[in-house]
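Open the model in your viewer and keep the selection panel at hand. The tour goes stop by stop, with a selection at each.

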Amino acid sequence: MSTPQTTIFSPATAARFDRLVALYPVKRSALVPMLLYAQDEVGYISDAVVAEVAQRVGITELDVRNVLTYYSMLRTKPIGKYNVQVCTNISCMLRDGYGILEHCKKRLGIEHKGTTSDGLFSLEEVECIGACCWAPAIQINYDFYDELTPDKMDQILEDYKAGRGKETV
Ligand code: FES
């Protein structure tokens, strides 16, 4: 591991990375958490993120890219400010998860993995997000919403659009 002389990350994130690589007996164990924190800060895993994380962990950029291709929650392209992840796994599917997904597609005018032209919303169909008892469920960034109906979904999207999403309060 080597701490770069200059960093693309904020001082807080750079310090967090210093702690993370010192925490594990095998330094590459810090790789996935570092990539997730990097993604939160930068918005996606850019080439610059790959280069600096590889240097910090002491592995090659190819090693980092191999991990990137494995984890679907890691992104290599920018997305919207709010990433709407709609679960269509079994419990949600049985309770109209696909209906909610189609409703979001229509409402936002985008498809799976699409981003609205104003950069506000992205949409993704995802596997179980662990809210099966309250299906159908979605996640927007780190916030969960459950027992959804199309009307409830509309209200949630309107709230985010108006700056009233959970993360903004
Ligand atoms: S099946 Fe949708 S949250 Fe588990």
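Which residues of H2 are buried? Select Leu31, Met34, Leu35, Ala38 and Gln39: these are the buried residues of H2. They cover an arc of only 135° around the axis, so they sit on the same side of H2. Keep in mind throughout that this is a predicted model.

**Helix H2 as a whole**

Now select helix H2, residues 31-42. H2 has twelve residues, and from its first C-alpha to its last it reaches 16 Å, close to the 16 Å expected at 1.5 Å a residue. Then step to Gly43, which follows H2 and has a positive phi, near 105°.

**Helix H3**

Next, select residues 47-57, which form helix H3. Its buried residues are Val49, Val50, Glu52, Val53, Ala54, Arg56 and Val57. The helices they pack against are H1 (11-23), H2 (31-42) and H4 (61-70). Just after H3, select Gly58, where phi is positive at about 80°.

**Salt bridges around Arg56**

Which residue forms a salt bridge with Asp18? Select Arg56 together with Asp18: the closest N and O atoms of this salt bridge are 2.9 Å apart. The pair links distant parts of the chain, with Asp18 in helix H1 and Arg56 in helix H3, 38 residues apart. Asp18 counts as partly exposed because its relative accessibility is 31%, whereas Arg56, at 2%, counts as buried.

Arg56 and Glu52 are four residues apart in helix H3, so about one helical turn separates them. Both Arg56 and Glu52 are buried. Through salt bridges that share partners, Asp18, Glu52 and Arg56 are joined into one network.

**Another salt bridge**

The structure holds nine salt bridges. For another one, select Arg164 and Asp159, whose closest N and O atoms are 2.9 Å apart. Arg164 counts as partly exposed because its relative accessibility is 47%.

**A nonpolar surface patch**

Last, switch to a surface view and select Ile90, Met93, Leu94 and Tyr98, which make a nonpolar surface patch of about 420 Å². Helix H5 (residues 90-94) supplies the largest share of the patch, three residues.

Key. Residues are numbered from 1 along each chain as its sequence is written. This is a predicted model: local features need pLDDT of at least 70, side-chain atom pairs count only at pLDDT 80 or more; totals for chains, interfaces and linings use all residues. Side-chain values use heavy atoms; hydrogens and water are left out. Buried means under 20% relative accessible area, exposed over 50%, partly exposed in between (1.4 Å probe, protein chains only). Helices (H or I, at least four residues) and strands (E, at least two) are DSSP runs, numbered from the N terminus. Contact means heavy atoms within 4.5 Å. Patches are made of residues with over 30% relative accessible area and no salt bridge: like charges are joined within 9 Å, nonpolar side chains (Val, Leu, Ile, Met, Phe, Trp, Tyr) within 5 Å. Accessible areas come from the Shrake-Rupley method with a 1.4 Å probe; for residues, only the protein chains shown count as cover. A salt bridge is a side-chain nitrogen of Lys or Arg within 4 Å of a carboxyl oxygen of Asp or Glu. The expected span of a helix is 1.5 Å times one less than its number of residues. The arc is that of the directions from the helix axis to the C-beta atoms.
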